[in-house]
Amino acid sequence: MKTLNFTVEEYRERVRKTKESMMEKGIDCLIVTDPANMNYLTGFDGWSFYVHQGVIVLLDQENPLWYGRGQDGNAARLTTYLDEADIYPYADDYVNSTEKHPFEFVADILKKYKQDKKCIATETDAYYFSAKAQAVLEKNLPDATFKDGYNLVNWVKIIKSPAEIAYMEKAAVIVQLAMQKAYDVIDIGVRQCDAAAEVTKTLIKGTDEFGGDYASIVPLMPSGVRTSTPHLSWTDETYKDGDTVILELAGNYRRYHCPMSRTMILGNASDKVKSLGATVSEGLTAALEGIRPGMMCEEVERIWAKTIEKSGFVKDSRIGYSMGLNYPPDWGEHTASLRPGDHTVLQPGMTFHMIPGIWLDDCGVDTSEAFVVTEDGARPFCHFRRELLVK
């Protein structure tokens, strides 16, 4: 029995918009290997992206085609709206073989659909698409023309439907529960890994009404001097008096994320950390309140930069990015960024993670909000206090 997260009509509208973008770019055939984009177009959901799999969108075919490992064929039957004729499982001797490659199988599919002399685009910079896959495809389709289709679907999905927004709102409920759990369990003398276990349990358990899914990034929970860099997590050491603890967590509901970051201080934190925390919160609030549809992304960053200028602190990285539906290793969509030079125009339905953290040589503070652009501004998904969480 199929279990679809959206109506068939919504999936078909996504495919229609994708084909429209393909036609604008002169693409006849798009091979989608990003698991988030596979999910977006068809509903496919399986932890099978460690082997070659994908969705093929053809201008002259109504439904996309799914290809993947044979044992994952039932995942396509159970989680997508596709018909049996649209599903192409390959034999297991293609897996980790030195004699044959799954993209030979893909090339045969394209020959069957008479795409071997047309313009084919691949997601060349997607995490799960390899240089070998591209080489095998080109070798087996010598008369085809190849283009880069990276981020084509990502830009189609940047504006979320009401149903997608509803999923992110549920993810927001989950991440707030997890942040409160982190505040409750983290304390001087507690092992970091024990706190991380409680946070992870909360993220997956969700509420009595709906549960959580695994997030694309593990809970990032560095403490002490490790807060001077953003992408470390817990150890098995205990928390100490004076530690700063950064918490970057994400609720996930049906692959839709709502990230949130907060910073805790245990005992006697330094004045520098307290000042940094106040600066980050002030800049974040000003930027959120200044957002209006029709603005460019870089204008949001200017509000932030102008607000914190008086503090003397400097942030040399972007302050946010488009995010939502994704699989490991990232919940970002790799499209619009809130930074100088990004002229993407904000439109209602776009969803971002604004994360203007500042990391110094020996400490850092990270406070963030996920938000959706509305008709008159920006609406944060979460309602959790933004100041430093003192304990």
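Colleague: Which strand is Ala250 found in?
Modeller: Ala250 is in strand S7, residues 244–253; strands are DSSP runs of E with at least two residues, numbered from the N terminus. The model is predicted, so local features need pLDDT of at least 70 and side-chain atom pairs 80 or more, while totals for chains, interfaces and linings use all residues. Residues are numbered from 1 along each chain as its sequence is written, and side-chain values use heavy atoms, without hydrogens and water.

Colleague: Is Ala250 buried or exposed?
Modeller: Buried, with a relative accessible area of 5%; buried means under 20%, with a 1.4 Å probe and protein chains only.

Colleague: What does Ala250 touch?
Modeller: Leaving out residues up to four places away in sequence, Ala250 touches Val175, Leu203, Ala215, His257, Cys258, Pro259 and Trp331. Contact is heavy atoms within 4.5 Å.

Colleague: How many residues has the largest nonpolar core?
Modeller: It has 65 residues, and Ile186, Met221 and Leu247 have the most contacts inside it. A nonpolar core is a set of buried Ala, Val, Leu, Ile, Met, Phe, Trp, Tyr and Cys residues joined through side-chain atoms within 4.5 Å.

Colleague: Which helix gives the largest share of this core?
Modeller: Helix H7, residues 162–185, with eleven residues; helices are DSSP runs of H or I with at least four residues.

Colleague: And which residues does the second core include?
Modeller: That separate core of 29 residues includes Leu276, Leu284, Met295 and Phe371.

Definitions and conventions: Buried means under 20% relative accessible area, exposed over 50%, partly exposed in between (1.4 Å probe, protein chains only).
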